Amino acid sequence: MKSSKIHLHSSLQVGPVDPRVFGGFLEHMGRAVYQGVYDPDCAHADEEGFRTDVLDALKRLRMTAMRYPGGNFVSGYHWLDGVGPRENRPTVIDLAWNSIEPNHIGTDEFILLARRMDWTPMLSVNLGTGTPEEARNWVEYCNTATGTKYSDMRAENGNQDPFDVKLWCLGNEMDGPWQLGHVPAEQYAIRAQQAGHMMKLIDKSIEMVVCGTCDIDLPTYIEWDRVVLEHLGNHADYISLHRYVRNFENDTPNFLAVTNSIDQQIEAIDGLCRAVQTKQRSLKRAYLCFDEWNVWYKNYEMDGKRQFAPHLVEEVYNLEDALVVAGFLNSFLRHADSVKIANIAQIVNIIAPILTRGDDHLLQSIFYPFEMYTKRRDGVSLKIGVDGPTYTTQTYGVASYVDASAVLSSGADLHVFTTNRDTAESMEIRVDMADRTIASLVAAEILTGPDAKAANSYEEPERVKARAFDEVTIRNGQAAYELPPLSVAAMTFRTDG
Ligand code: AHR
């Protein structure tokens, strides 16, 4: 059997884990909002029309920053359409997804939901077909005390107190030719500067995310980011990164090594942020906001055919996808010094951990790694050394069979995440913390399955599901365990520190 050793030291730290890295994304697209979180006709709907079964499942994921209302949708969205009495709200054609949007859910309902779910609202403004002034007005609606046009409108809509939305995205994927209102980087930067300037004049406490490159395969990758960062200077609290990964080649070991490329993407954009900061002799560092990420390649149904709540991109996830999701989270934790926000795209039905069908819902394989990690997110990320065998991949260079990350909590708990990317062999793993004794196992879970393509379905909803993992030995202050092929374990140890 192969073996690997994990090396840690409590003073070798990357940085505190920002809880917002465990964020989500809710877009008006397909059946994410309607029939996803909101479905007044569902047997599980509460008095507000929200699906309690879906919300209960989402609560297990302890999501933090919730990005809304898009996505591509936002580049044609006018927020005024979504406020006020429902019966007066217009039904419009959403050009991003060629769908019918009745605006039954808008700002006030989203904020209500965010409060219930303990989500940090993260609103994207329309910089595609919208104006900088429209964006500024939305900040006034959300964040100012009553006594002005838009704050009084909010009060009339039943919300006297400001919503105090701190996180705002200046548009979505504006570098993508498919985006409504797509423009070259210089023009986007001017629009974003105008909007951002006014938005901050309305509320100087807000933080803003500027659009970075949305697809590393676009020819403008990196150059777009440089132009945007240089133009936006102080308005760029964060720059966005997007990444959807694929296994078209059906090469599982290669696919699992995509974390190399995610690490590289993060390091490249962080390096650029630091370079621009240096060039501008600025004290302000732009951080990274990975505000769309997931596996997505099996379902590209994106034409809503002018229907309400059409079935779009309802990707079915398998075991290898779940291991890749764990890989994303490992990468974010390993870069806790630069990645401050991340949003899995999305939360229900659209490329999501949860699917709904009528009154039923299904937890997909990718639900479990998110749950296993989010439980263990509080603390400081540690530098991690993995000493073990490697393999060579088609696309991503040399990868270690074990992908890993670790978080040290403010108490004496050590959280260790390890994935065995070997498709055939188990891996013996030893965890050593040089300056502490690992005293006991507090709790651990493992996710594995019969094969890489195993997936949950309504007929077999528990084929790929996390279970408690007790097969851990603590000896001489170290932990040892055996990880089956294609598995991820999340473990919490008590240390003597
Ligand atoms: O998450 C689905 C879509 O993917 C988003 O609307 C868009 O931003 C991205 O291209």
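User: What is D291 in contact with, leaving aside its neighbours within four places in sequence?
Analyst: R67, M122, C169, V209, S240, L241, H242 and N343; contact here means heavy atoms within 4.5 Å. This is a predicted model, where local features need pLDDT of at least 70, side-chain atom pairs count only at pLDDT 80 or more, and totals for chains, interfaces and linings use all residues. Residues are numbered from 1 along each chain as its sequence is written, and side-chain values use heavy atoms, leaving out hydrogens and water.

User: And is D291 buried or exposed?
Analyst: Buried, at a relative accessible area of 2% (buried is under 20%, exposed over 50%, partly exposed in between, with a 1.4 Å probe and protein chains only).

User: Which strand is D291 found in?
Analyst: Strand 11, residues 287-295 (strands are DSSP runs of E, at least two residues, numbered from the N terminus).

User: Switching to cysteines: how many disulfides does the structure hold?
Analyst: 0, taking a disulfide as a pair of cysteine sulfur atoms within 2.5 Å. For C169, the nearest cysteine sulfur belongs to C289, 5.7 Å away.

User: What about C211, which cysteine sulfur is nearest?
Analyst: That of C169, 7.8 Å away. C211 is buried at 2% relative accessibility, and C169 is buried too, at 1%.

User: OK, pockets. Which residues lie nearest the centre of the largest pocket?
Analyst: D215, Y244, V245, R246 and Y300, out of 33 lining residues. A pocket is an open set of points on a 1 Å grid over the protein atoms alone, where a 1.4 Å probe fits, with protein on both sides within 12 Å along at least five of seven lines; lining residues have an atom within 4 Å of a point.

User: Which strand gives the most to that lining?
Analyst: Strand 10, with 4 residues.
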